[in-house]
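Dear colleague,

Please find the structure below, together with its sequence. A short account of what was found follows it.

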Amino acid sequence: MTTKTKNAETILDLIKLTDKENPKPEDLERIRARLDENSYLVKINEVSERAFSTLVKTYSSSALVTELYERQIEMKRKALGYESENVMVQMLINQMILCHIRLNAFETFHAE
């Protein structure tokens, strides 16, 4: 049986140690170092990504509907040149897509 060293901690281990109000300072330093090495966790927890995820979940619990919304979001981003834009324009594109989804959901609800 092997034992974990501090260097072998998974990001999930560090999340468990720091996803609370007052984590130990040394745990915060370790997760900061890991986030500096790989910003993927930061990117997937970006505010607009969380907004999309939350919004989709409020409209349906269906895995299929979630998948369709995610693909529609990506298609809209691609059509608007999201990847080649600066951060400010990307934020505006995300907000526009969120508003578009909300408006269409409202229009559908109103029509029914």
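**Two helices in contact**

In α1, the residues I11, L14, I15, L17 and T18 meet D27, L28, R30, I31 and R34 of α2. Please bear in mind that this is a predicted model. Helix α1 covers residues 11–18 and helix α2 covers residues 25–37; they pack with their axes 9 Å apart, at an angle of about 140°. An angle counts as roughly antiparallel if it is over 145 degrees, and α1 and α2 are therefore oblique to each other. Their crossing is left-handed.

**Aromatic rings**

How many aromatic pairs does a search of the whole structure find? The search finds one. The pair is formed by Y59 and Y69, whose ring centres are 6.3 Å apart and whose planes stand at 40° to each other, which makes the pair tilted. Distant parts of the chain are linked in this way: Y59 belongs to helix α4 (residues 47–59) and Y69 to helix α5 (residues 63–79), ten residues apart.

Are the two partners buried or exposed? Y69 has a relative accessible area of 18% and is buried, because buried means under 20%. Y59 has a relative accessibility of 34% and so counts as partly exposed.

**A charge over a ring**

One further contact concerns another tyrosine, Y82. R77 lies over the face of the Y82 ring, at 4.6 Å from the ring centre.

With kind regards

How values were computed. Residues numbered from 1 in each chain as written. Predicted model: local features only at pLDDT ≥ 70, side-chain atom pairs only at ≥ 80, totals over all residues. Heavy atoms only, no water. Phe/Tyr/Trp six-rings, centres within 6.5 Å; stacked < 30°, edge-to-face > 60°. Helix = DSSP H or I, 4+ residues; strand = E, 2+ residues; numbered from the N terminus. Buried < 20%, exposed > 50% of the residue type's maximum accessible area, 1.4 Å probe, protein only. Lys NZ or Arg CZ within 6 Å of the ring centre and 35° of its normal. Axes fitted to C-alpha atoms, helices over the stretch in contact; angles between N-to-C directions. Parallel < 35°, antiparallel > 145°, perpendicular 65-115°, else oblique. Left-handed = near helix turned anticlockwise from the far one by under 90°. Contact = heavy atoms within 4.5 Å.
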